[in-house]
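Here is a short report on aromatic rings and the contacts around them. Look at the sequence and structure first.

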Amino acid sequence: MTPTRATYLLLTVAAAGCGPSAAPEAVWGQRGVRDGDLMRPRAAVIDGRDRLWIVDFTARVQAFDLDGKHLGPTFTTPDFRNGRPSGLGVTNDGRLIVCDSHYHTLRIYDENQVEVQTIGGRSGTGPGEFGYLSDAVQDADGFFYVAEFGINERITKLTAAGAFVKSWGKPGMAPGEFNRPRALALGPDGLLYVADGCNHRIQVFTRDGDLMRVIGQEGSGPGEFKYPYDVAFGPNGRLYVVERGNQRVQRFTADGVLEGTWGGAKGRLPGQLADPWALVVDKKGRVHVIDTENHRVQRVKF
């Protein structure tokens with residue numbers, strides 16, 4: 001079978017359970033710059049209408065259904081000569097959040113991809129100023145939480161209007177410090193989970209910045225991490241972590257107890273990964289893995 005643009009290679013799940021023997025349900029996408037193609041996809045989110053949004057290294061933000069059909073339209077941030085966005089989120093009322101990383105700005109878009117709000121825009125270390133924005137989430141009370149690295153290694157909390165509330169964290173390896181916080185997720189327990197990428201761990205905070213626990217350490221064994229680049233929760237309350245370095249996804253309870261892994265081999269075959277940057281989990285508990293250097297998405301349930 002010859003694959004076509006943004007079409008799918010549908011596969012039968014080879015085995016139940018959580019090991020690398022579990023084949024993906026679907027593999028879709030190909031390298032390219034036309035609508036529906038992907039060029040090193042780097043972040044993703046699913047909105048309330050079950051649209052899978054992906055941003056890639058060309059700065060294109062594209063919408064797909066959960067089987068990989070391109071929905072359009074494709075859009076970009078206003079300027080990307082300094083660099084492309086690297087984080088996506090959804091507000092608590094369903095609008096799309098784009099982390100315009102190199103422009104130190106959060107951009108909020110309505111359902112027609114019209115920009116309706118911007119937050120930030122100035123580089124710096126002071127309140128309301130940002131470094132490289134890697135991810136953002138919004139809680140049910142309207143507060144935004146923004147991950148930054150580069151000139152800042154911290155989490156910043158903002159009001160719904162974008163006013164500074166507080167920030168926490170600094171460069172380092174000690175608990176509560178950061179080395180490239182890549183991604184955020186709000187857990188069903190109301191806590192904030194941070195993928196502390198170059199410290200090879202997940203740090204868990206209250207929404208006021210109090211450190212509750214640390215999950216994992218550097219390594220390739222079960223429950224260890226090598227460049228965890230994204231975190232997400234499934235409908236069952238389980239925590240999923242994708243590792244750029246170990247080419248795999250691990251599933252944990254919210255308390256950090258390992259329940260299973262998927263992937264682990266670097267390559268181009270279905271079930272193999274090449275420097276995955278992101279993942280999202282849909283309402284059915286299916287994990288959509290952003291297989292960055294393979295320019296594709298793999299969907300698996302485990």
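Are Phe-57 and Trp-277 buried or exposed? Both are buried (under 20% relative accessible area, with exposed over 50% and partly exposed in between; 1.4 Å probe, protein chains only).

This is a predicted model, where local features need pLDDT of at least 70, side-chain atom pairs count only at pLDDT 80 or more, and totals for chains, interfaces and linings use all residues. Residues are numbered from 1 along each chain as its sequence is written, and side-chain values use heavy atoms, with hydrogens and water left out.

A search of the whole structure gives 11 aromatic pairs. Rings of Phe, Tyr and Trp (its six-membered ring) pair if their centres lie within 6.5 Å; planes under 30 degrees apart are stacked, over 60 edge-to-face, and the rest tilted. Two of the pairs are shown here.

| Pair | Centre to centre | Angle between planes | Type |
|---|---|---|---|
| Phe-57 and Trp-277 | 5.6 Å | 80° | edge-to-face |
| Phe-75 and Tyr-109 | 4.8 Å | 50° | tilted |

Phe-57 and Trp-277 link distant parts of the chain, 220 residues apart. Phe-57 lies in the loop between β4 (52-55) and β5 (60-64). Trp-277 lies in the loop between β22 (258-263) and β23 (278-281). Strands are DSSP runs (E, at least two residues), numbered from the N terminus.

Phe-57 has a charged neighbour too. The charged end of Arg-42 sits over its ring, 4.0 Å from the centre (NZ of Lys or CZ of Arg within 6 Å of the ring centre and within 35 degrees of the ring normal).

Phe-75 is buried at 10% relative accessible area. Tyr-109 is buried at 4%.

Terms used
Helices (H or I, at least four residues) and strands (E, at least two) are DSSP runs, numbered from the N terminus.
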